Amino acid sequence: MRELIKMVVVLTVLSVLSGGLLSGLRNATAARIEVQQLKFVKGPAIKAILKGVSNDPIKDRFAIKDGETERKFFVGKFDGKANTVAFESYGKGYGGDIGLMVAINMEDDTIVGAGVTTHSETPGLGATAKDDPGFVSQFKGLPIEETFKVTNDGGKVNALSGATITSRAVCAAATEAGGIYQRMKPQLTEKLKEFNK
Amino acid sequence: MAKTLTQEFTKGLWEDIAPFRLVLGLCPVLGVTTTMENGIGMGLATTFVLVFSNILVASLRNIIPSKVRIACFIIIIATFVVITELLMQAFAYTLFLKLGVFIPLIVVNCIVLGRAEAFASKNSITLSIADGLGIGIGFTLSLAALGSLRELLGANNLTIWTTPTSIIGVQEVFGPHFQPFTFMVQAPGAFVCLGLMLCLMNLLGSK
């Protein structure tokens, strides 16, 4: 009996201490981790696809709840007018989720630019989706309500050679971005008005 | 029987070098060593976890009941792994992006649990620190060696550390006309490289 109590007590105390320590550390590092993510993953992608903006899209960001998930949107100002939003969507790739940052012009609902943020694709094959700007630039100027497909599946997007699954995932992410955009457009329009004041 | 501190430290560097002598902890060994930098980073993260879990296991060795010791060890190890993961995200984000899922997998790395069970739970704190450091540095060196070989042949580069602004290391070691042997940076290449290195270690050890 004594042994049993000792086991329970030791395990409980250890778990409680470990849980407390970790949640404390998590709170302490949360702000810094978000800054790092913006700097290394989302920042470069946003800067690349929102070339020529007059504001800092990373500073002008806001979050809206979409059902259960909270989505982050980055605002781009062209010619002094906040008319572009950038946000991330995901598609299932060969080695896991592929994150795609999509920037949309809200005046004519077309894609301003797209860029891969996070991925775990094969180096040299699928990973070129991120490294080769020619691939993602195919999305530029296309209307967002389209369903994007690679040419093999009867679509317009030329797949990366040797990486059809990756290319399909990027198309799926872009299509998903369209869905998110259509769903949230009223809220986004409201928010953008604040930035135009 | 009583071994000195230096003996406990140095055994991990050659005699018991984990991936090559004991062929343990192969998941990160094969998975992350696509570049030398990844190898070093993974090795250092494992060393950190190993040293701190050894310290804690050794200091709690008389309190932990033997029937639930494995569960206790796993809690301790998992705690340090999550600490490593959070700190790496906060301070070395680029490295975290490359190592990805392999950081949480340190929890189930048999080297860490193996040292806790076989060494730290039976020895004093100072000896356990020496043991953890030795095994950890040995692990780091093995990963760095395997990573540099694979990166050199597979990508023609040798990266030691990447900072946001620059890369410390050598690019295009064999000159710009060398056609990289891409096979080496993919998973099957890892097995081939590991096999060659094991062969070399056995050759050196048999003398």
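Visitor: What makes α4(B) mostly covered?
Guide: In this predicted model, 18 of the 24 residues of α4(B) are buried, where buried means under 20% relative accessible area, exposed over 50% and partly exposed in between (1.4 Å probe, protein chains only). Local features need pLDDT of at least 70, side-chain atom pairs count only at pLDDT 80 or more, and totals for chains, interfaces and linings use all residues of this predicted model. Residues are numbered from 1 along each chain as its sequence is written, chains are lettered from A and ligands numbered from 1 in the order in which they are written, and side-chain values use heavy atoms, with hydrogens and water left out.

Visitor: How do you know that the span of helix α4 of chain B agrees with its number of residues?
Guide: Helices (H or I, at least four residues) and strands (E, at least two) are DSSP runs, numbered from the N terminus. The expected span is 1.5 Å times one less than the number of residues. For the 24 residues of α4 (residues 36–59) of chain B that gives 34 Å, and the end C-alpha atoms are 34 Å apart, so the two agree.

Visitor: Why does A:Thr29 count as buried?
Guide: A:Thr29 has 7% relative accessibility and therefore counts as buried. The residue lies in helix α1 (residues 2–49) of chain A. Leaving out residues up to four places away in sequence, A:Thr29 touches B:Leu86 and B:Ala90, contact being heavy atoms within 4.5 Å.

Visitor: And why does A:Asn83 count as buried?
Guide: The relative accessibility of A:Asn83 is 10%, so A:Asn83 counts as buried. This residue belongs to strand β3 (residues 81–92) of chain A. Beyond its neighbours within four places in sequence, its contacts include A:Phe78, A:Ile104 and A:Leu192.

Visitor: What makes the pair A:Glu3 and B:Lys67 a salt bridge?
Guide: The term requires a side-chain nitrogen of Lys or Arg within 4 Å of a carboxyl oxygen of Asp or Glu. The side chains of A:Glu3 and B:Lys67 meet at 3.5 Å, N to O. The count between chain B and chain A is one salt bridge.

Visitor: Which elements of chain B supply at least two residues each to the side that touches chain A?
Guide: Both α5 (69–91) and α6 (93–99) of chain B do. α5(B) gives the most, with eleven residues.

Visitor: How much area is buried between chain B and chain A?
Guide: About 2100 Å², of which carbon and sulfur atoms give 80%; buried area is the accessible area (1.4 Å probe) that two parts lose on being put together, summed over both. The contact takes 23 residues from chain B and 21 residues from chain A.
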